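Here's a quick tour of some helix and strand packing. Have the model open while you read.

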Amino acid sequence: MPFARLAAATTPTCHIGLGLAAVGRPGYINLGRDEDLGEHRTVEALRTRTHELLDAAYAQGVRYFDAARSYGRSEEFLAAWLAANPHVDDVVVGSKWGYTYTADWTTDAETHEVKDHGVRTYERQRAETAALLGDRLDLYQIHSVTPDSPALTDKELHAELARAAAQGLTIGFSTSGPAQADAIRAALAVTVDGEPLFRTVQSTYNALETSAGPALAEAHDAGLTVIVKEGMANGRLAAPHAPEALKAIAEETSLGCDAVALALILRQPWAGVVLSGAATLTQLSSNLHAAAVDLDEDQLARLSALAEEPRAYWEKRNSLPWH
C-alpha cells in the first residue's frame, strides 16, 4: 500500500492532504470562490496557483495529493509539478475516474461534469490518466459511488480493476450523497477471487455531515485507508459563513474556523488522511494549523450539536451554485 509512506512520515501535517478540486478548473461550488480566485482563471493562472499550493503544501509536510479526471486540468497541473520536482519521491498521488469534465473551461456551463461508472468509461479515463501521471499514480478511485452505482455490481469492471491492482495500482472509491454509509458497506462486500477489491475509501465527513462515521470506522477496521473530503462543507464551515458555535470555538483556540473544523476530523481514530481544499496560500496555511488544535470535551460537545440531518445537508449542497 502506498499509504505506508505516510506512516513513516513524522511531520504534524502528514495526515493532511491537498485536494485539487478547487484549483483545477475555473468553476466550482465552494462559497467565497469569487474572493478566492477573482477573475484571473485562465489555464496559466490556475496552473501557477496549483503549483504554488503544491510547493507550499510539500514544504509544510503534506504528502498526499488528490486529483480527478473531472477536476478540469488537475491531473495535468499535478503531473507538470511532479515532473518539475523529480526529487519528490515520498508523496502519495491519487486520482479518480467516473466523471467526465464537460464545462470547457467556463463557469456558466449548463453541465459541468457527466457521471458514468461503466467499464468503457474506466478504460478511456484510465488511459487518459496514465498519459499524464504514468507510474506516479498510486491510487485510482471510482468517483462518487452511491448505493445504486453499477460499479458495485459490474463483474467485468471488477475484473479490470483487480487486474490494475495486480499490476501495483491501489484501487479505491469515493462516496457522496445522504446514503454514503450504505455505499461504503456495499463496497466493503465487493471481492474478486475471494479478496477485497477496494483498499481505500474517500467520503464526505464534517461537523455538519457526520452520518458516514460508523461506516468509515468499519472500513478502517477492515483495513482500508480512510480519506476525508469536504471537511469544510464547501465553505459553509469557513469564516464568514461558519455557524456561531464554530466561530466561538475558533476564538477560544486563537485559530481559524477552518483549522477547528479540520481538527475535529483529524481526531477521529479512523481518519487516515483529511483533505484541504485550499484555493489560496493563506487558506492552506490556516488549514494546516488543524494539526495543532486541541479540542476539549465541552468544545467537542458544542461541535457535535451542529450535525444536520443527512438529506437536508445534501439538499443544501446540491443547491450551491457553480461560481
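## Helix α5 against helix α6

Val119, Arg120, Tyr122 and Glu123 in α5 meet Glu156, Leu157, Glu160, Leu161 and Ala164 in α6 (contact means heavy atoms within 4.5 Å). By class, this contact has five nonpolar, no polar and four charged residues (Ala, Val, Leu, Ile, Met, Phe, Trp, Tyr, Cys and Pro count as nonpolar, Asp, Glu, Lys and Arg as charged, and the others, Gly among them, as polar).

Helix α5 covers residues 119-133 and α6 residues 155-166; they pack at about 25°, axes 9 Å apart. That makes the two roughly parallel (under 35 degrees; over 145 is roughly antiparallel, 65 to 115 roughly perpendicular, the rest oblique).

## Where the numbers come from

This is a predicted model: local features need pLDDT of at least 70, side-chain atom pairs count only at pLDDT 80 or more, and totals for chains, interfaces and linings use all residues. Residues are numbered from 1 along each chain as its sequence is written, and side-chain values use heavy atoms, leaving out hydrogens and water.

What about β11, residues 225-229? Five of its five residues are buried, so the rest of the structure largely encloses this strand (buried is under 20% relative accessible area, exposed over 50%, partly exposed in between, with a 1.4 Å probe and protein chains only). Thr225, Ile227 and Lys229 point one way, Val226 and Val228 the other.

Strand β10 (residues 200-204) runs parallel to β11, joined by five bridges (strands pair if DSSP finds at least two bridges between them). Across the pair, Val201 sits opposite Val226 of β11.

How values were computed. Helix = DSSP H or I, 4+ residues; strand = E, 2+ residues; numbered from the N terminus. Axes fitted to C-alpha atoms, helices over the stretch in contact; angles between N-to-C directions.
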